[in-house]
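Here's a quick tour of a structure, taken a piece at a time. Have the viewer open and follow along.

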There are 2 protein chains.
Amino acid sequence: MSLLVVGSVAFDGIETPFGKVDRTLGGAATYFALAASHFTKVRVVGIVGDDFTEKDKAVFRTRGIDLNGLEHATGKTFFWAGRYSQNMNERTTLATELNVFADFRPTLPDSYCDSSHIFLANIDPTLQRSVLKQVRVKPKAVGLDTMNYWIDRTPAELRETLKHTQILMINDDETRQLTGEHNLMRAAKHVFKMGPKTLVIKRGEHGALMVHDKFLFSVPAYPLEEVHDPTGAGDAFAGGFMGYLASAKGVNERSLRSAMVYGSVLGSFTVERFGVERLIHLKRSEINARARRFSHLTKFSL
Amino acid sequence: MSLLVVGSVAFDGIETPFGKVDRTLGGAATYFALAASHFTKVRVVGIVGDDFTEKDKAVFRTRGIDLNGLEHATGKTFFWAGRYSQNMNERTTLATELNVFADFRPTLPDSYCDSSHIFLANIDPTLQRSVLKQVRVKPKAVGLDTMNYWIDRTPAELRETLKHTQILMINDDETRQLTGEHNLMRAAKHVFKMGPKTLVIKRGEHGALMVHDKFLFSVPAYPLEEVHDPTGAGDAFAGGFMGYLASAKGVNERSLRSAMVYGSVLGSFTVERFGVERLIHLKRSEINARARRFSHLTKFSL
């Protein structure tokens with residue numbers, strides 16, 4: 001099994017009540033790939049500038065991540081900067097410099113065209129779809145993330161891409177905006193008609209809810225005493241989720257439930273340190289131990 | 001086992017996107033008692049005016065609730081009115097007429113003084129404590145609800161009452177306000193020092209989190225397609241929780257986890273209809289069926 005992710009590879013400037021970094025490795029595809037790499041082989045499709053060094057690439061390579069699909073362009077790498085409020089409930093974007101990302105046209109190396117699992121991180125839905133067109137074998141699962149910008153600006157293109165998506169992973173507000181329905185259970189029925197039969201609603205500190213047309217599953221966020229940097233938690237969730245799924249025997253109720261838990265596990269580790277730091281040095285034994293803690297956190301007998 | 005609740009018995013005016021009622025039976029003690037009555041014998045300590053009729057009392061009596069501690073005073077019953085926003089995320093209070101409730105001094109009938117389980121709904125902490133002083137046998141569990149008003153206005157009195165409380169049931173914001181700590185896990189440690197060794201954080205549509213000094217337990221809210229009226233959901237949660245606990249063999253990790261589930265079950269039924277309507281006609285078989293659905297909603301195998 002092999003998991004392909006397309007999305008942003010970036011440098012981030014992050015300020016939280018716990019500290020400040022001017023420039024650290026970030027981007028949705030980065031968080032996703034590092035999280036997923038704990039479960040399966042990951043292939044990255046993205047673009048970086050000539051400020052992206054061998055040292056940056058080494059972060060991926062030490063985790064065994066395939067960078068054959070990472071394009072190098074002349075110019076600077078996508079840069080994002082943000083500041084979190086004292087409570088980390090709110091985030092102010094300080095800078096969004098698309099740089100080489102503005103002209104990104106995803107191109108899959110031949111070696112990627114047999115990817116069994118695909119994750120389309122939050123980029124232009126037309127680009128997301130162009131990736132699917134380049135895959136030669138029907139994937140076992142296609143996951144997709146999007147945001148208010150695309151729901152608002154490119155609704156037709158997004159609808160077209162959703163037709164080819166099995167698992168939609170978005171937050172509460174995006175679910176409501178996409179469907180025009182406030183109630184999430186009714187919103188899910190709208191989503192099912194668009195294509196995906198699995199809706200994963202990411203709720204940050206409130207965990208995640210999976211609405212499948214055959215079952216429901218809810219997982220809490222792991223209650224942490226220290227949250228240093230929420231950046232990338234949702235992407236790491238997606239990485240843990242899709243990574244586990246690619247390592248499982250099939251996409252079924254059992255593996256989808258477990259995927260939700262491993263997604264939450266990876267999201268919870270991510271926020272404990274700045275940037276991708278925690279994801280790099282994470283051990284599989286730590287992942288397994290926290291997954292067991294999720295069991296303990298949610299189990300009961302009537 | 002017998003469960004005593006002290007709190008408001010009221011008439012409510014409620015407006016939601018699904019309808020409007022000018023005057024319906026409400027109040028924290030009412031929702032609590034009706035929810036708890038599905039598990040155990042409930043005794044109510046409260047006050048009503050001379051507009052409170054036999055028909056209103058019959059609602060309690062058909063559920064076997066003991067009203068010997070319900071004082072009748074000259075004047076009008078506590079009246080509250082509120083309007084929910086289109087999304088039901090926000091509530092505007094339109095009227096708060098304390099009426100006879102303004103001079104409420106809880107007095108326990110002799111027959112209540114052996115109550116094994118006690119719930120102090122959200123009233124003046126000095127009145128909450130006066131109830132505990134009147135109980136002659138050490139209760140097996142004392143639960144307490146409070147709100148920003150008391151945390152802000154009567155902190156010393158609240159601290160004193162908390163010393164005699166085992167289970168504190170409040171929401172995220174109240175937890176933060178009470179402890180001055182944003183992080184809920186660290187906030188819980190402050191709560192433990194105040195007295196209660198069990199903190200139940202009610203999070204509305206996001207479920208509830210129990211932080212005990214020995215374990216953690218999280219339960220989601222039941223995802224509903226129809227939420228007609230959120231009024232009383234937190235009080236019904238408390239009623240389901242304490243009612244189950246009073247019916248269980250003891251207060252221990254196992255029964256506390258189950259109590260969280262039954263609390264969520266009762267809260268979820270409450271919001272399906274206006275006011276207390278759903279709680280009155282609820283069957284134990286429906287409660288059990290939904291509790292099993294909570295199992296299905298949260299179970300996974302690694």
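A word on terms before the numbers: helix axes here are lines fitted to C-alpha atoms over the stretch in contact, and the angle between them runs from 0 to 180 degrees between N-to-C directions. Keep in mind, too, that this is a predicted model.

With that in hand, look at helix H8 (residues 233–247) and helix H9 (residues 253–270) of chain B, which pack at an angle of about 145 degrees with their axes 7 Å apart. The crossing of H8(B) past H9(B) is right-handed. On the H8(B) side, the residues that meet H9(B) are B:Ala233, B:Ala236, B:Phe237, B:Gly240, B:Phe241, B:Tyr244 and B:Leu245. Their partners in H9(B) include B:Leu256, B:Ala259, B:Met260, B:Gly263 and B:Leu266. Sorted by class, this contact has eleven nonpolar and seven polar residues, with no charged ones.

## How the two chains relate

The same surface serves both copies, as 100% of the contact residues of chain B recur in chain A.

Leaving aside residues up to four places away in sequence, A:Thr298 touches A:Pro220 in its own chain, and B:Phe217, B:Ser218, B:Arg257, B:Thr298 and B:Phe300 across in chain B. A:Thr298 has 6% relative accessibility, so it counts as buried.

## Covered spots in chain A

Helix H1 (residues 28–36) of chain A is mostly covered, with nine of its nine residues buried. Among them are A:Thr30, A:Tyr31, A:Phe32 and A:Leu34, along with several alanines such as A:Ala28 and A:Ala29.

A:Thr179 sits in helix H6 (residues 172–179) of chain A. Its relative accessibility is 12%, so A:Thr179 counts as buried as well. A polar atom of the A:Thr179 side chain lies 3.3 Å from the backbone nitrogen of A:Glu181. Beyond residues up to four places away in sequence, A:Thr179 touches A:Ala187, A:His190, A:Val191 and A:Met194.

## A histidine and an aspartate

Is A:His212 buried or exposed? At 18% relative accessibility, against a cut-off of under 20%, A:His212 counts as buried. A:His212 belongs to strand S12 (residues 208–212) of chain A. The A:His212 side chain makes a polar contact with the side chain of A:Asp213 at 3.3 Å and reaches the backbone nitrogen of A:Lys214 at 2.9 Å. Not counting residues up to four places away in sequence, A:His212 touches A:Phe192, A:Lys197, A:Thr198 and A:Leu256. A:Ile167 is 45 residues from A:His212 along the chain, and their C-alpha atoms are separated by 9.2 Å.

A:Asp152 is found in helix H4 (residues 148–153) of chain A. With 53% relative accessibility, A:Asp152 counts as exposed. Its C-alpha is separated by 23 Å from that of A:Ala29, which is 123 residues away along the chain.

Note on methods
Residues are numbered from 1 along each chain as its sequence is written. Chains are lettered from A and ligands numbered from 1 in the order in which they are written. This is a predicted model: local features need pLDDT of at least 70, side-chain atom pairs count only at pLDDT 80 or more; totals for chains, interfaces and linings use all residues. Side-chain values use heavy atoms; hydrogens and water are left out. Contact means heavy atoms within 4.5 Å. Helices (H or I, at least four residues) and strands (E, at least two) are DSSP runs, numbered from the N terminus. Buried means under 20% relative accessible area, exposed over 50%, partly exposed in between (1.4 Å probe, protein chains only). A polar contact is a pair of N or O atoms within 3.5 Å; within protein, one must be able to donate a hydrogen and the other to accept it, and residues adjacent in sequence count only if both atoms are side-chain atoms. A crossing is left-handed if the near helix is turned anticlockwise from the far one by less than a right angle, and right-handed if clockwise. Ala, Val, Leu, Ile, Met, Phe, Trp, Tyr, Cys and Pro count as nonpolar, Asp, Glu, Lys and Arg as charged, and the others, Gly among them, as polar.
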